[in-house]
Amino acid sequence: SYTCPELTLIDLPGITRIQLKDSDQPKDKKITTDMAKRYCGDERTIILCVVAANIDLTTSESLKYAQEWDKNMIRTIGVLTKIDIMDTGTNCKKALMNQEVFLKLGFVGVKNRSQQDINDKMRVQRGLDAEKQWFMNHPIYRSLPKDCYGTDTLTQKLSRIMYAHIRVNLPDITKEVDEKLKAVEERIKDLGTPLPTTDGQRMQMLWAMTVSYTHLRAHETREDLVCRLLLEKQ
């Protein structure tokens, strides 16, 4: 899109603790943990830490790992889901206001389409409209700042953060690309002259080989002739 920088989203698997019956899930959570660390440990990535709003944030393993992999907490955004199915009488206002588990980039609450909505083929835009109306009509969340909830808010916030992150890391990325390009060019240079790829190039190579061979034969000495015959005999 010309209105915002492009985002590459990597949907990592959940960290498996107990294997489902008759499934190919890994028994050891180290496999999924190492996979998540491979991506989230990269200082150039933004960690989108998705947590269900109906659990205690202080027990969230994903937040724990995010704090471990992003020690300065400058590239971790919290996303609270399932807000609409919290127990009656409870809400996540304090979490959205960053008053429970503090994140420098804060939390954003979202209300996704339910599985029934998906089964009923509800379009994404209709789901976004329904989400917006739900927050605006909620007795608690409607009084919160608009940057605390909504998928649109999350998208815009991600774009701003990613843009700033790219500007900070661009010099290092450019340097790394140049170094890798130089290394590849050196390897290609070591391979010598590349083979022809088109009919014209092949014909030119064949003609050059023929001319070169003819030139060598024309200037061949007696010693060269003896050596050539011995080689051909072998």
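The paragraphs below take up the nonpolar cores and then the aromatic pairs. This is a predicted model, in which local features need pLDDT of at least 70 and side-chain atom pairs count only at pLDDT 80 or more, while totals for chains, interfaces and linings use all residues. Residues are numbered from 1 along each chain as its sequence is written, and side-chain values use heavy atoms, with hydrogens and water left out.

A nonpolar core is here a set of buried Ala, Val, Leu, Ile, Met, Phe, Trp, Tyr and Cys residues joined through side-chain atoms within 4.5 Å, where buried means under 20% relative accessible area, exposed over 50% and partly exposed in between (1.4 Å probe, protein chains only). The largest such core has 26 residues, and those touching the most other members are Leu57, Leu63, Leu80, Cys92, Leu96, Phe107 and Tyr141. Beyond its neighbours within four places in sequence, Leu96 is in contact with Leu80, Phe107, Val108, Gly109, Tyr141, Leu144 and Cys148, contact meaning heavy atoms within 4.5 Å. A second, separate core of 9 residues includes Ile46, Ile77, Leu105 and Val110.

Across the whole structure there are 5 aromatic pairs, that is, rings of Phe, Tyr and Trp (its six-membered ring) with centres within 6.5 Å, called stacked if the planes are under 30 degrees apart, edge-to-face if over 60 and tilted otherwise. The pair of Trp134 and Tyr141 is tilted, because the planes stand at 35°, with centres 5.9 Å apart; Trp134 is partly exposed at 23% relative accessible area, whereas Tyr141 is buried at 1%. Ring pairs link Trp134, Phe135, Tyr141 and Tyr149 into a cluster.
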